[in-house]
Amino acid sequence: MTAATIKRRRHVKDPVSTAWKYSTRLTAVELAGVMEPIRACLAAAVAGVATQLQHQVLDTQTELATEIERTRIVRGLAGHIAQAQAALQSWASRAMASGTWRPVQLEFSEQDALATFVDLHEFQLQQLSAGEIYRATQRMIARVQTAGGQVLHVEHTQVSNAPKFSEE
């Protein structure tokens, strides 16, 4: 047998588990696990101690939110996402003014835009199934790679060094 005559069998996944994945929303615990590092990055930014990696995590979330907006499942947040992206750009330009990343304090308008964005992004994620989030993430990654960008996998512990603020 030659390689050309060997037929590949298509691996069929269990249809019940596939349907479950694409029709169920994230549980409260899963959503909290997704949002914790995002909120930690925001807390570090508010405290003026955020790293460049934490900035990139927030920036990536705006890209994901934009991709979710394109899916038309959750619509109407484009203006808030654009404000958050403008705040991130302004923050980054101040932080990189010396040529290397130097943590800087967020301005009030930037803090407000980013805090609003994080809350709205959590709302977005609550409305999507796990499969829809996965597909939006894959499309975002493909867009970044097509544009020549790099995709990094970041562990939660790498971005969760922010000071913890109690919400009392």
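Contact here means heavy atoms within 4.5 Å. Keep that cut-off in mind for each stop below.

This is a predicted model, in which local features need pLDDT of at least 70 and side-chain atom pairs count only at pLDDT 80 or more, while totals for chains, interfaces and linings use all residues. Residues are numbered from 1 along each chain as its sequence is written, and side-chain values use heavy atoms, with hydrogens and water left out.

**Whole chain**

Start with a cartoon view. The chain has seven helices and zero strands, in the order α-α-α-α-α-α-α from the N terminus. Helices (H or I, at least four residues) and strands (E, at least two) are DSSP runs, numbered from the N terminus. Of the 168 residues, 32% count as buried. Buried means under 20% relative accessible area, exposed over 50%, and partly exposed in between (1.4 Å probe, protein chains only). Among contacts with a separation of 6 or more, 74% join residues 24 or more positions apart.

**Thr66**

Select Thr66, in helix α3 (residues 52-71). Its relative accessibility is 19%, so Thr66 counts as buried. Now show Ile81 and Gln85: Thr66 is in contact with both, leaving aside its neighbours within four places in sequence.

**α2 against α5**

Next, select residues 28-47 (α2) and 108-127 (α5). How far apart are the axes of α2 and α5? They lie 11 Å apart, and the helices pack at an angle of about 175°. Axes are lines fitted to C-alpha atoms, for helices over the stretch in contact, and angles run from 0 to 180 degrees between N-to-C directions. The pair is therefore roughly antiparallel, a label for angles over 145 degrees.

Show side chains. On α2, the contact residues include Leu31, Val34, Ile38 and Leu42. On α5, they include Leu114, Val118, Glu122 and Leu125. The residues of this contact divide into ten nonpolar, three polar and three charged. Nonpolar covers Ala, Val, Leu, Ile, Met, Phe, Trp, Tyr, Cys and Pro; charged covers Asp, Glu, Lys and Arg; the others, Gly among them, are polar.

**Glu30**

Stay on α2 and pick Glu30. At 42% relative accessibility, Glu30 counts as partly exposed.

**α6**

Finish with residues 130-146, helix α6. Which residues of α6 are buried? They are Gly131, Ile133, Ala136 and Met140. Then step to Gly148, which follows α6 and has a positive phi, near 90°.

Conventions. Angles under 35 degrees count as roughly parallel, over 145 as roughly antiparallel, 65 to 115 as roughly perpendicular and the rest as oblique. The expected span of a helix is 1.5 Å times one less than its number of residues.
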